[in-house]
Amino acid sequence: MIYVYKVDLFYAYRLLYKSFCYSVITPFRDRISDEQIIAFINNLKDPFYDRIRNFAFAMYFFGLRPCEIDDEAHFESGFLICRNRKRKNGKKAYKKIPVPRQAEKFFDFNLPLNSPLSYDRTLDMMKKALGDGVVPYQLRHTFASICDEKVKREVVELWMGDSPQRLVGKHYVHYSDEFMRSKMDLVNFPTL
């Protein structure tokens, strides 16, 4: 009887915890508006954001997780190459995402993508640049939403690094650089 009571309490606690987490986290899973994007880009012009500018634009134009913008992330032949941090079982995998033509004017290609500041300080500055209670992770949702409007979902999933196991292309189909570039050219990112 006592055991059953503890199990019931455990499940009740889990249910309450999940409800609380979803009510707190869910609002941050939305795409940010075009007006918020423009304000964000304008805020990044301030010299205060010089040290995180490339980092911030990498999150917006490539939908990267903050942990993927590290020393390994770099530009090469019109593509951003970075490690896919979602990979499990210790396997190293890399993403290769075409640089959107609209993004080219925003990056300083002579500077690294990663921030010289601590992870927490970088994200605090990102929150300040985003404003209005927007969190940096919403840029990932924004990237996916913008790309999904113009490009088939399988390609967006590859760019995001969330390609599902069911996708035959994960193992057998390898898109050419030209194909990936042509798909990125279809995407229209809100900018200034």
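Two strands pair if DSSP finds at least two bridges between them. The views below show a predicted model.

**View 1. An open sheet of 3 strands, with antiparallel pairing.** The strand order is S1-S2-S3. Strand S1 (74–76) and strand S3 (94–98) are the edge strands, each of which pairs on one side only. On average, neighbouring strands of this sheet are turned by 30° against each other, direction ignored.

**View 2. The pairing of S1 with strand S2 (residues 79–83).** The two strands run in the antiparallel sense and are joined over 3 bridges. Within this pairing, His74 stands opposite Ile81 in S2.

**View 3. The crossing of helix H2 (residues 34–43) and helix H3 (residues 53–62).** The axes of H2 and H3 come within 11 Å and cross at roughly 160°. Angles over 145 degrees count as roughly antiparallel, and H2 and H3 are therefore roughly antiparallel to each other. The crossing in which H2 passes H3 is left-handed.

**View 4. Residues in the contact of H2 with H3.** On the H2 side, the residues are Ile37, Phe40 and Ile41. They meet Ala56, Phe57 and Tyr60 in H3. Sorted by class, this contact has 6 nonpolar residues, with no polar and no charged residues.

Note on methods:
Residues numbered from 1 in each chain as written. Predicted model: local features only at pLDDT ≥ 70, side-chain atom pairs only at ≥ 80, totals over all residues. Heavy atoms only, no water. Helix = DSSP H or I, 4+ residues; strand = E, 2+ residues; numbered from the N terminus. Axes fitted to C-alpha atoms, helices over the stretch in contact; angles between N-to-C directions. Parallel < 35°, antiparallel > 145°, perpendicular 65-115°, else oblique. Left-handed = near helix turned anticlockwise from the far one by under 90°. Contact = heavy atoms within 4.5 Å. Nonpolar A, V, L, I, M, F, W, Y, C, P; charged D, E, K, R; others polar.
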